[in-house]
Amino acid sequence: EVGSTEMPGPGVTAVGHLYAVVSQVGVLQSGKGVTQVHRFGTGRYEVTFNTNVRSCGFQATTTNAYSQALDVFTASGHLSAQGVYVETKNQGGGLTDGPFNLVVTCGNDGIPFVVVGYGANYLRGSAGTSLSYQGAGRYTVNFPTAVNGCAFLATVADSGNALVYSPSYVFTAKGSTATSIYIETKNPGGGLQDGVPFHVAAVCPSVPGTRYAVVNANGTLSRANPGTKSSRLATGKFQITHLQNITGCARLATRGSTGTGVPFNPARMEIAPAAGSGASGVWVRELAFFGANFTNQSFHLGVVC
């Protein structure tokens with residue numbers, strides 16, 4: 001267990017965001033609103049915040065540590081209502097210690113979110129949100145305001161405080177309207193799969209304390225905050241540079257289309273080292289099922305400080 005480390009990036013104004021950047025052995029590296037991190041054992045962690053988060057959404061992305069991208073799953077806390085339970089696993093489903101970035105969205109921080117259950121049911125979300133089930137692992141999430149200029153972050157996550165046992169994946173795209181997001185959940189072979197719970201959030205340009213980028217497979221920007229730059233350094237290795245210092249901030253990445261098209265090729269995302277205080281590294285790999293090779297695919301990045 002470690003104490004809170006309040007370290008929003010000095011170049012970004014933070015407004016009520018809750019987040020944690022945690023090492024693979026459970027040491028808090030940076031965060032906001034964190035009171036402790038507890039490591040239960042291999043690949044099992046709980047991050048405790050200074051407020052009740054049971055009504056919130058939990059998004060997470062692992063940081064590169066191995067030759068394959070780890071999966072990460074979230075749930076409500078096992079120790080208290082102020083906690084978020086996190087599991088990091090290899091793609092075979094085995095618990096594996098892994099560093100991760102965690103962001104908690106509660107609806108009062110400007111980041112709209114929705115939590116969807118195992119039965120394709122809407123469970124909770126920010127005010128005015130709703131869900132449409134399209135069948136066979138396909139969903140439309142609806143918001144009260146436009147999100148088509150935002151980044152869409154999603155995590156396979158239990159809807160309560162249970163465990164997520166089966167490896168599955170969630171992918172994002174623009175919805176058919178300006179106020180909607182299209183979601184697909186898939187199995188490790190890339191086939192559409194029902195019964196996968198997930199948490200999804202939209203990081204939009206008007207939210208203080210955040211930065212975002214939606215990046216094409218060739219490394220060019222589809223949409224982002226003004227002044228943001230993006231480049232593809234090598235196959236599957238991208239760097240996004242923001243005008244602000246984002247040192248100590250949490251970074252989330254999701255495989256997603258830049259438009260309304262279906263994210264056909266499944267892939268795993270990792271946060272990776274980057275050069276400069278305003279930079280985020282994102283690595284994109286095929287699923288282990290397909291060889292875990294680096295691959296050029298579009299993605300959504302959100303930075304929360």
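1. A residue is called buried when its relative accessible area is under 20%, and partly exposed when the value lies between that and 50%. Keep this cut-off in mind as you look at the model, which is a predicted one.

2. Aspartate 97 has a relative accessible area of 16%, so it counts as buried because that is under 20%. Its partner is arginine 39, with the closest N and O atoms 2.8 Å apart. Arginine 39, at 33%, is partly exposed. The two sit 58 residues apart in the chain: arginine 39 belongs to strand E3, while aspartate 97 lies in the loop between strands E7 and E8.

3. Now find arginine 268, which forms a salt bridge with aspartate 71 at 2.9 Å between the closest N and O atoms. This pair links strand E22 to strand E6, across 197 residues. Both partners are buried, arginine 268 at 14% and aspartate 71 at 1%. In total the structure has five salt bridges.

4. The largest core has 38 residues, and Val147 and Ile183 touch the most other members. Several strands give two or more residues to this core, among them E1, E12 and E15. A separate second core holds 19 residues, including Tyr45 and Phe58.

5. Which residues does isoleucine 183 touch, leaving aside those up to four places away in sequence? Among them are Tyr139, Val141, Phe171 and Phe198.

6. Strands E11 and E12 run antiparallel, joined by four bridges. Four residues separate these strands, and glycine 135 in the turn has a positive phi of about 100°.

Terms used:
Residues are numbered from 1 along each chain as its sequence is written. This is a predicted model: local features need pLDDT of at least 70, side-chain atom pairs count only at pLDDT 80 or more; totals for chains, interfaces and linings use all residues. Side-chain values use heavy atoms; hydrogens and water are left out. A nonpolar core is a set of buried Ala, Val, Leu, Ile, Met, Phe, Trp, Tyr and Cys residues joined through side-chain atoms within 4.5 Å. Buried means under 20% relative accessible area, exposed over 50%, partly exposed in between (1.4 Å probe, protein chains only). Contact means heavy atoms within 4.5 Å. Two strands pair if DSSP finds at least two bridges between them. A salt bridge is a side-chain nitrogen of Lys or Arg within 4 Å of a carboxyl oxygen of Asp or Glu.
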